[in-house]
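Work through the exercises below with the sequence and the 3D view open. Try each task before you read its solution.

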Amino acid sequence: AVMGFSMQMSATTGLLLLITGVVGYKLLQLGYVSVGSIGVAFTFIVLSGTSIQMFFEWLAQFEEAMTGIERLDNYLRRPLETGLKLPHSRQFVTNHPTYASNEEADLKRQALTQKPSAGIDVVDLWLKYGEDLPFVLKGLNFSIKPGEKVGIIGRTGSGKTSFVQALFRLYPFAEGKILIDGKGAGDVDLSLFRRSIALISQEPTLFRGTVRENLDLPGRLPEARLHDALARVGLTEWLEAHPLKLETVVEERGRNLSAGERQLLCMARCLLQEAPIVVMDEATSSVDPQSEEIMVRATREFFKDRTQIIIAHRLSTLEHCDRVLWLDQGQVRLFDRPAAVLPVFQSTHL
Ligand SMILES: Nc1ncnc2c1ncn2[C@@H]1O[C@H](COP(=O)(O)OP(=O)(O)OP(=O)(O)O)[C@@H](O)[C@H]1O
Ligand SMILES: [Mg+2]
């Protein structure tokens, strides 16, 4: 609307110039005005015309910018996830809860548990991705003991990844709860909860930044620990080959690394996280022998004292688990020793 007005303005300026020209010419002929004063009148009209036009163009831009701010404001006023607060250093007018300064400092040092592993209790868990979407997890009930190594199997779409999302509380539950080491959301801070789970997905999550940043974004770990983690996953030689060492730049999604290197780097990060629970979600698409091998090494060596949840598509990977959970259309079909679950699953689906 303002843009249209600015167009109108330039038309008005043109009309004014025309009228002034005609009238000025008549007056000049009659000897009432000098050529100079007509010139001044012209200049004045053009100048004021342009500045008025500029004013309205600026108004148009301002209007546009304000809708951006409005959207941002709407976004900032959205309710926070339950169990989360905003950083103490930030001041918002949105009335969101913020941490007290000492509370925030404590939180950085805290861990959900001091033990190397934690138990998980899933109680009557119902999950759907949206109000009008069907349930994808339908009343899950099971417990995983601290240090247990649990495999999850199920046909595609049975809810394996959805369970992992639920574990991280990426979606609100319709009903039920998940307790880690006996604590649910509401008992502890959500960030503590999430920090206690390390996720190894088959699409390694690397971002543009240095190796150091990809391993330890807050930059709170000593360099020796980073080197130690890289050595354990076997990336020392790789690092030595790069002159910038820990400052070597990793491209977006780790494009400048091989698939194996990407996985190992993510593995090193998970080692540094020292989470009591480690989740490995293997995608169907990428079951190459190399990732398989890394996965097996991870479960046997790197994370052997942790609670492990392994989603694998090769049944051979799951033979060494303590128990296997068979998910079928969002429900637990069987949860028992591998020898009791895998053959039944195999005869049902292959
Ligand atoms: N973000 C989402 N929004 C809506 N529906 C989803 C979303 N993610 C998954 N679903 C649905 O939830 C159901 C379970 O999906 P899920 O990803 O948990 O399956 P999965 O067992 O991990 O399968 P796969 O073996 O192929 O990885 C599917 O029907 C899927 O369409
Ligand atoms: Mg999945």
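This is a predicted model: local features need pLDDT of at least 70, side-chain atom pairs count only at pLDDT 80 or more; totals for chains, interfaces and linings use all residues.

Residues are numbered from 1 along each chain as its sequence is written, chains are lettered from A and ligands numbered from 1 in the order in which they are written, and side-chain values use heavy atoms, with hydrogens and water left out.

**Exercise 1. The shell around the ligand**

Task: find which residues are around ligand 1, and sort them by class.

Solution. Step 1: a residue is near a molecule if one of its heavy atoms lies within 4 Å of it. Step 2: apply this to ligand 1; the shell consists of Tyr129, Val136, Arg155, Thr156, Gly157, Ser158, Gly159, Lys160, Thr161, Ser162, Tyr171 and His313. Step 3: sort them. Three are nonpolar, seven polar and two charged. Here Ala, Val, Leu, Ile, Met, Phe, Trp, Tyr, Cys and Pro count as nonpolar, Asp, Glu, Lys and Arg as charged, and the others, Gly among them, as polar. Step 4: look for the main contributor. Helix H4 (residues 160-167) gives the largest share, three residues. Helices (H or I, at least four residues) and strands (E, at least two) are DSSP runs, numbered from the N terminus.

**Exercise 2. Polar contacts and cover**

Task: which side chains place a polar atom at 2.5 Å from an oxygen atom of ligand 1?

Solution. Step 1: a polar contact with the ligand is a pair of N or O atoms within 3.5 Å. Step 2: check threonine 156; an N or O atom of its side chain is 2.5 Å from a ligand oxygen. Step 3: serine 162 also has a polar side-chain atom at 2.5 Å from an oxygen of ligand 1. Step 4: for threonine 161 the distance is 2.7 Å. Step 5: turn to cover.

**Exercise 3. Two domains**

Task: where do the domains lie, and how far apart are their C-alpha centres?

Solution. Step 1: domain 1 spans 2-76 and domain 2 spans 120-349. These bounds come from an automatic or database domain assignment. Step 2: the two C-alpha centres lie 64 Å apart.

**Exercise 4. The three-stranded sheet**

Task: trace the pairing in the sheet of three strands.

Solution. Step 1: the order is E2-E1-E4, open and antiparallel. Step 2: E1 (residues 120-128) pairs with E2 over seven bridges. Tryptophan 126 has lysine 138 in E2 as its bridge partner, and valine 122 has phenylalanine 142. Step 3: E1 and E2 form a hairpin with six residues between them. Step 4: E1 pairs with E4 over five bridges. There, aspartate 121 partners leucine 179.

Conventions
A polar contact is a pair of N or O atoms within 3.5 Å; within protein, one must be able to donate a hydrogen and the other to accept it, and residues adjacent in sequence count only if both atoms are side-chain atoms. Two strands pair if DSSP finds at least two bridges between them.
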